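Reader: I'm new to this one. Can you put it on screen and walk me through it?

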Amino acid sequence: FWLKLREVCCIPIPKCTKHNGQMTADKPSPDSKQQPTKKGGKEPLIQQFELKDVFPHFCDRKTKLLPLSDVPYVLRAMGWTIYGDEEKTIKEQVEKVDGVGKPVSLQTMQSWVEENGKSYVKSYEDAYNALGTLCHEGIIGDKSNTIKVPFLRHLVTEVGDKMKPETFDKILKGGDMPSNSAIKGDTCSLDEFLTFLQK
């Protein structure tokens, strides 16, 4: 449940536009100006895990190989942020070693991770800037960086890989976590929301 919400909310998005009644988000420009950040800075927003600890949960138990289609899931389980349009490129790079369309070995994945990993780790600052931009533009909140939960719910249930509204509601109620780990009410601060996502 957490991965989808993190994926939607923690990617720097400098601009969202509406086309034919549909809201779409453009991929960030490296030159885009972002709002100042609060706590957390350059530390990764999401806890990072080693590939060797994640890979066995996804690979075939007998062959110890990973289906090519599961490569992005493994990277996300490591705590990385992978854009939807990056999945194809990543799979193409990985399959060059073990063969087109063939399952991937741990060694192949580890080599790819060592070479490319750092560009997929998003910091607290990245997430703060992304959500701050969405607030400032009035898409999920207001210029005081207060998130309006109904606006955020609409965004994640209507844009991109849509999340079911019930899933969103369950996440904000804390899912299977203790009851004090929930977003209560229709608004919350940017820092409160990011701290919630880190739990």
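Author: Start with a pair of helices. α4 passes α5 in a right-handed crossing. Keep in mind that this is a predicted model.

Reader: At what angle do α4 and α5 pack, and how far apart are their axes?

Author: The angle is about 135 degrees. The axes of α4 and α5 lie 10 Å apart.

Reader: Why quote an angle and a distance for packed helices?

Author: Because two packed helices are described by the angle between their axes and the distance between the axes.

Reader: Then what do you call α4 and α5 relative to each other?

Author: Oblique. Angles over 145 degrees would count as roughly antiparallel, and 65 to 115 as roughly perpendicular. The angle for α4 and α5 is about 135 degrees, so the two helices are oblique.

Reader: Which residues meet there?

Author: From α4, Ile90, Gln93, Val94, Val97 and Asp98. From α5, they meet Thr108, Met109, Trp112 and Asn116.

Reader: Let's zoom out. How many helices and strands does the chain have?

Author: Nine helices and four strands.

Reader: In what order do they run from the N terminus?

Author: The elements go α-β-β-α-α-α-α-α-β-α-α-β-α.

Reader: And how much of the chain is buried?

Author: Of its 199 residues, 43% count as buried. The chain exposes about 11,300 Å². Carbon and sulfur atoms supply 50% of that area.

Reader: What share of the contacts join residues at least 24 apart?

Author: 61%, counted among contacts between residues at least 6 apart in sequence.

Reader: New topic. How many salt bridges are there?

Author: The count comes to three. One of them joins the side chains of Arg76 and Glu87, at 2.8 Å from N to O.

Reader: Where do Arg76 and Glu87 lie?

Author: Arg76 lies in helix α3, residues 71-77. Glu87 lies in helix α4, residues 87-98. So the pair ties together parts that are eleven residues apart in sequence.

Reader: Is Arg76 buried or exposed?

Author: Buried, with a relative accessible area of 7%.

Reader: What does Arg153 pair with?

Author: Asp169. The closest N and O atoms of that salt bridge are 2.8 Å apart. This pair links distant parts of the chain, with Arg153 in helix α7 (residues 149-158) and Asp169 in helix α8 (residues 165-172). They are 16 residues apart.

Reader: And how accessible are Arg153 and Asp169?

Author: Arg153 is partly exposed at 29% relative accessibility. Asp169 is also partly exposed, at 27%.

Reader: How do α7 and α8 pack?

Author: At an angle of about 135 degrees, with their axes 9 Å apart. That makes α7 oblique to α8. Their crossing is right-handed.

Reader: Which residues make the contact between α7 and α8?

Author: On α7, Val149, Leu152, Arg153, Val156 and Thr157. On α8, Pro165, Phe168, Asp169 and Leu172. Arg153 and Asp169, the salt-bridge partners, are among the residues in this contact.

Reader: One bridge to go. Which residue does Lys52 meet?

Author: Asp53. Their side chains form a salt bridge at 3.6 Å, N to O. Lys52 is exposed, with a relative accessible area of 53%. Asp53 counts as partly exposed, at 43%.

Methods
Residues are numbered from 1 along each chain as its sequence is written. This is a predicted model: local features need pLDDT of at least 70, side-chain atom pairs count only at pLDDT 80 or more; totals for chains, interfaces and linings use all residues. Side-chain values use heavy atoms; hydrogens and water are left out. Buried means under 20% relative accessible area, exposed over 50%, partly exposed in between (1.4 Å probe, protein chains only). Contact means heavy atoms within 4.5 Å. Accessible areas come from the Shrake-Rupley method with a 1.4 Å probe; for residues, only the protein chains shown count as cover. A salt bridge is a side-chain nitrogen of Lys or Arg within 4 Å of a carboxyl oxygen of Asp or Glu. Axes are lines fitted to C-alpha atoms, for helices over the stretch in contact, and angles run from 0 to 180 degrees between N-to-C directions. Angles under 35 degrees count as roughly parallel, over 145 as roughly antiparallel, 65 to 115 as roughly perpendicular and the rest as oblique. A crossing is left-handed if the near helix is turned anticlockwise from the far one by less than a right angle, and right-handed if clockwise.
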